[in-house]
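Dear colleague,

Please find below the structure for your review. My notes on it follow directly after.

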Amino acid sequence: MYGYVRPVKGELKVAEFERFRGVYCGLCHELARRYGFLSRFLVNYDFTFLAMLLAGPEPAETCPRRCAAHPIRPTVCLESCESLRTAADMTVVLGWWKLADGAQDGHGAKALGYKIACRALRGAYRKAAARRSDFAGAVEDNLRQLQALEEARCASLDQAADKFASILRSIGGGEPTEDRRRITGELLYHLGRIIYILDAVDDLSEDIASDSYNPLRYRFQPADGRLTAEDERTLRAGMQLSHNAISGAFALLGDNPYSGILTNIIYLGIPAATQAVFAGTWNAGAKLHRERSSL
Amino acid sequence: MNDPYSVLGVSPSASDEEVKRAYRDLARKYHPDNYHDNPLADLASEKMKEINEAYDAITKSREQGGGGQSYSYGGGAYQSQGAGQRQYTGSNAQYVQIRNLINANNLAQAESMLNAISDHDAEWYYLMGSVYWRRGWMDQASQLFRTAATMEPGNVEYRNAVQYMNQGGQAYRPASGMDMMGGDAACNLCQNLICADCCCEMVGGNLIPCIGCR
């Protein structure tokens, strides 16, 4: 989706890395099983994180599998389980909306590409939306509200970020107990906030050049396509507060087989991605490249 | 109650030192200061209570059973303070009521009461900031706190809130963890402590003596 929510690979133990790859590959296979070959292109790190976050305390079954990306040596994939099915359904729902958004906002060949992808995945989307009607409803509502805010050139960063954050929070609604719904909802709300803000920082210079909406343009006074040092400090202090909220919620979730990897993602991966986005070294090209080559 | 050893995540054969370390790590993680004005504060304080009880149960049983292992460490564990215990003696009855609503997490009603007030003084901005803060709207909260502090520069409560936000608050972080501000976590530790102390005082507690007494 965005790819900001990923581990710092060098800090993972070998066994952890393999387990992480098992979830990523397992998610990809689950997408193919549930929604056909094309939906595999929607697999991403953010929902791999989600599959790990929602996993139960017991280790799930694994099975070696080959695929087009790993034709010779099979990867040890996570077998179909509840958290993987949830992550796959939500990947399709949110992924499809993102394509639809791209088709509407883009121009020329790019928009056409999005349109074709959107059309091709419509069946998959309908199936996923029927399975997760609450989530699909939350996505549609919040994206519609976000669009209205964009048109009004909303200058409140919190209000704009709240829409995407609320989409992620709604995922917590599927958790089995009230406490877990609160904890997961809080964690995902602030994760969504951070993702939204990172995306805004990442796209700032592009959005200024094309005169597109970006909340940072109206909340701050960027010069030469960048935030001033003072504004950056203010923004990052606010992101730290959201990160603190993630920490607080994460500490209250019990351990599961992925706790080590989740700890890496939260305390190293997200700060590292933030660092790269603010340093301007996280550009769209590199993003795609990393996504494809590191697993 | 659950087995106190499994609550602390140590084996019953662990040394006193190991038990103490496990307890301290967990207490650091679930300390009320990490959940300052946090919607999950109640869950954290339950967890803290469980950890305190487990630790007390272990030290007690060891004192009774294994002679000579007496603890000078006792005197109760980290005390939960903060959420819900805010002492406030303001002159404006309406603001007192709004503060109580905020502390009870009844944000919608607190906000509508604030919106009904037309005269916006420093405290109004501060309380509105608190509503936004609880909701997770950190950016707006910090702007409102700043407005309050500018209108009434002498007010310690407002100034501390601004400082707390500027520093990026306080949270548990594993030793190797990084922060979002681009700095080294350890460098900010002292600052955070001082700052957390201010903030603790903001809700009627006091962190530094609270660590010092341990």
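R62(B) and D16(B) form a salt bridge in this predicted model, with 2.5 Å between the closest N and O atoms. This pair joins distant parts of the chain: R62(B) belongs to helix α3 (residues 41-65) of chain B and D16(B) to helix α2 (residues 16-30) of chain B, 46 residues apart. Both R62(B) and D16(B) are buried.

A second salt bridge in chain B connects R135(B) with E111(B), and here the closest N and O atoms are 3.1 Å apart.

In chain A, E175(A) forms a salt bridge with R180(A), the closest N and O atoms lying 2.9 Å apart. E175(A) counts as buried because its relative accessibility is 8%, under the cut-off of 20%. R180(A), at 24% relative accessibility, counts as partly exposed. Chain A also holds a network of salt bridges, in which R34(A), D89(A) and R132(A) are linked. Over all chains, the structure holds 21 salt bridges.

Turning to chain B as a whole, its secondary structure consists of 10 helices and zero strands. Read from the N terminus, the order of elements is accordingly α-α-α-α-α-α-α-α-α-α. Chain B has 214 residues, of which 49% are buried. Among the contacts in chain B with a separation of 6 or more, 57% are between residues 24 or more positions apart. The accessible surface of chain B is about 10500 Å², and carbon and sulfur atoms account for 49% of that surface.

The remaining notes concern the contact between the two chains. The size of an interface is often expressed as the accessible area lost when the parts come together. For chain A and chain B, the area buried between them is about 3000 Å², with 61% of it on carbon and sulfur atoms.

Two salt bridges are counted between chain A and chain B. In one salt bridge across the contact, the side chains of R219(A) and D139(B) meet at 2.5 Å, N to O. The count of residue pairs in polar contact between chain A and chain B is 16, with both residues at pLDDT 80 or more.

With kind regards

Notes: Residues are numbered from 1 along each chain as its sequence is written. Chains are lettered from A and ligands numbered from 1 in the order in which they are written. This is a predicted model: local features need pLDDT of at least 70, side-chain atom pairs count only at pLDDT 80 or more; totals for chains, interfaces and linings use all residues. Side-chain values use heavy atoms; hydrogens and water are left out. Buried area is the accessible area (1.4 Å probe) that two parts lose on being put together, summed over both. A salt bridge is a side-chain nitrogen of Lys or Arg within 4 Å of a carboxyl oxygen of Asp or Glu. A polar contact is a pair of N or O atoms within 3.5 Å; within protein, one must be able to donate a hydrogen and the other to accept it, and residues adjacent in sequence count only if both atoms are side-chain atoms. Helices (H or I, at least four residues) and strands (E, at least two) are DSSP runs, numbered from the N terminus. Buried means under 20% relative accessible area, exposed over 50%, partly exposed in between (1.4 Å probe, protein chains only). Contact means heavy atoms within 4.5 Å. Accessible areas come from the Shrake-Rupley method with a 1.4 Å probe; for residues, only the protein chains shown count as cover.
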